[in-house]
Amino acid sequence: MVGLLIPTPKPHFNPHPSSTPPQNDHLTRIRASDQGIWLCRPQHVWNTFPLTFSRRATGEKDVRFRVLYCGICHSDLHFVKNDWRFTSYPATPGHEIVGEVTEAGSKVEKFKIGDKVGVGCLVGSCRSCQSCASDYEQYCLKPVFTYGVPNFNGTQTYGGYSDHMVSDEHFVLRWPENLPLDSGAPLLCAGITTYSSLRYFGLDKPGTKVGVVGLGGLRHVAVKMAKAFGAEVTVFSTTSAKEQDAIDGLKADHFINSKDQHQMEAARGTLDGIIDTVSGDHPIAPLLNALTPHGKLVLVGAPESPLEVAAFYLIMGRKTIAGSNIGGIKETQEMLNFAADHAQWRTQKFFHGGTEYF
Ligand SMILES: [Zn+2]
Ligand SMILES: [Zn+2]
């Protein structure tokens, strides 16, 4: 999910270079001011091209900041390819954004010019519903995600693959001093996604037996986060070649090749919970088998196809399949502070994990 970090501005970043710009009439340039990249999918091939557009003027509760780094999340890739069927083009993704404040509105209380800040997946919510009042803005029925949706003023939101951001200060995070700006950026999506799911489902206690499924940045972060909580971590992968990376690199305690029936059978009933980060279609019944009674399978990846599971797998052991989506703003700040207190986050490197599936 997470990985390659690009310093910004980098408007010509192009993972699928093409020398021929697409001829899509509905794709229009927007008035110049800020630069980003826009993505389109002419004839089912997606490409990136520079886009110039304006951020809104800095309002009295807004913070404007220069983007220094932005992580590339697997959601960005799903989005630009319209895998979830709601992308409107042009689009500028990026929701793991770190930068430096260049302007603060007259009523901004938390930030001043020069502060290092971050913005994750949310830049707005209704601020009045039960979810918002409980610091679960991510579950507000009127969320404004950082890119690809209409903002309250009717304009489209554009993400962090751009050189400036403007956001209400409520959705801006204070960047801890001892947390790297570059390798820390993915914490704003992958970090809070795994932190919040481990916390909420009670998998954050020392000695808890936690499985992590999948490959790529989100799994990477999930393993490190679970280890930071003191959990005993088992990594599942279809690729034995990843064992060394999991054990030596990520310091996981155990590795299971999920294609190996003997290994999967040996894991039966051993895990209190599993964080499933896989974004491709995959079987989940074998994972449910690996749970203890009352165990929880928590989905944080988003495969395209509906899950298939026989009720029997849940009934026998009162097991739970759950989902979890990022975290609220208060919890995201808590997570950044938690990461800054753990040495492993201060020295980490991220990579683009690609699309290997469980
Ligand atoms: Zn993300
Ligand atoms: Zn709300």
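Two strands count as paired if DSSP finds at least two bridges between them. Helices (H or I, at least four residues) and strands (E, at least two) are DSSP runs, numbered from the N terminus. With those terms, Arg66 stands opposite Glu100 in strand E5.

This is a predicted model, where local features need pLDDT of at least 70, side-chain atom pairs count only at pLDDT 80 or more, and totals for chains, interfaces and linings use all residues. Residues are numbered from 1 along each chain as its sequence is written, while chains are lettered from A and ligands numbered from 1 in the order in which they are written.

**Overall make-up**

- The protein chain has ten helices and 16 strands.
- Buried residues make up 45% of the 358 residues in the protein chain. A residue is buried if 20 or more other C-beta atoms lie within 10 Å of its own, exposed if 12 or fewer, and partly exposed in between, with C-beta atoms placed from the backbone.
- Of the contacts in the protein chain with a separation of 6 or more, 69% join residues 24 or more positions apart. A contact here means that the C-beta atoms of two residues, placed from the backbone, lie within 7 Å.

**Strand E4 and its partners**

- Nine of the ten residues of E4 are buried, so the strand is mostly covered.
- E4 pairs with E5 in the antiparallel sense, over seven bridges.
- E4 also runs antiparallel to strand E9 (residues 164-168), and five bridges join them. The bridge partner of Arg64 in E9 is Val166.
- Cys70 lies in strand E4 (residues 62-71). Cys70 is buried, with 31 other C-beta atoms within 10 Å.
- Cys70 and Gly99 are 29 residues apart in sequence, and their C-alpha atoms are 8.8 Å apart in space.

**The loop between H1 and E5**

- Pro90 lies in the loop between helix H1 (74-80) and strand E5 (97-104). The peptide bond from Tyr89 to Pro90 is cis, with omega near 5°.
- Asn82 lies in the loop between H1 and E5. Asn82 is not a glycine, yet has a positive phi of about 60°. Asn82 is partly exposed, with 17 other C-beta atoms within 10 Å.
- Thr92 also lies in the loop between H1 and E5. Thr92 counts as buried, with 26 C-beta neighbours inside 10 Å.
- Thr92 and Gly148 are 56 residues apart along the chain, with 7.4 Å between their C-alpha atoms.

**The loop between H5 and E13**

- Lys251 is found in the loop between helix H5 (243-249) and strand E13 (254-257).
- Lys251 is a residue other than glycine with a positive phi, near 65°.
- Lys251 is exposed, with 12 other C-beta atoms within 10 Å.

**Helix H4**

- Helix H4 (residues 217-228) has twelve residues. Its first and last C-alpha atoms are 16 Å apart, close to the 16 Å expected at 1.5 Å a residue. The expected span is 1.5 Å times one less than the number of residues.
- Ten of the twelve residues of H4 are buried, so the helix is largely enclosed by the rest of the structure.
- Among the buried residues of H4 are Arg219, His220 and Lys224, along with Leu218, Val221 and Met225.
- Just after H4, Gly230 takes a positive phi of about 95°.

**The largest nonpolar core**

- The largest nonpolar core has 76 residues, of which Val212, Ala226 and Ile274 touch the most other members. Domain 1 (5-188) and domain 2 (191-323) both give residues to this core, so it lies between them.
- A nonpolar core is a set of buried Ala, Val, Leu, Ile, Met, Phe, Trp, Tyr and Cys residues joined through C-beta atoms within 7 Å. Domain bounds come from an automatic or database domain assignment.
- Beyond its neighbours within four places in sequence, Ile274 is in contact with Gly211, Val213, Leu287, Ala290, Leu291, Leu297 and Val298.

**Helix H9**

- The twelve residues of helix H9 (residues 329-340) should span 16 Å at 1.5 Å a residue, and the end C-alpha atoms are 17 Å apart, which agrees.
- The buried residues of H9 are Ile329, Glu331, Thr332, Met335, Leu336 and Ala339. They cover an arc of only 160° around the axis, which puts them on the same side of H9. The arc is that of the directions from the helix axis to the C-beta atoms.
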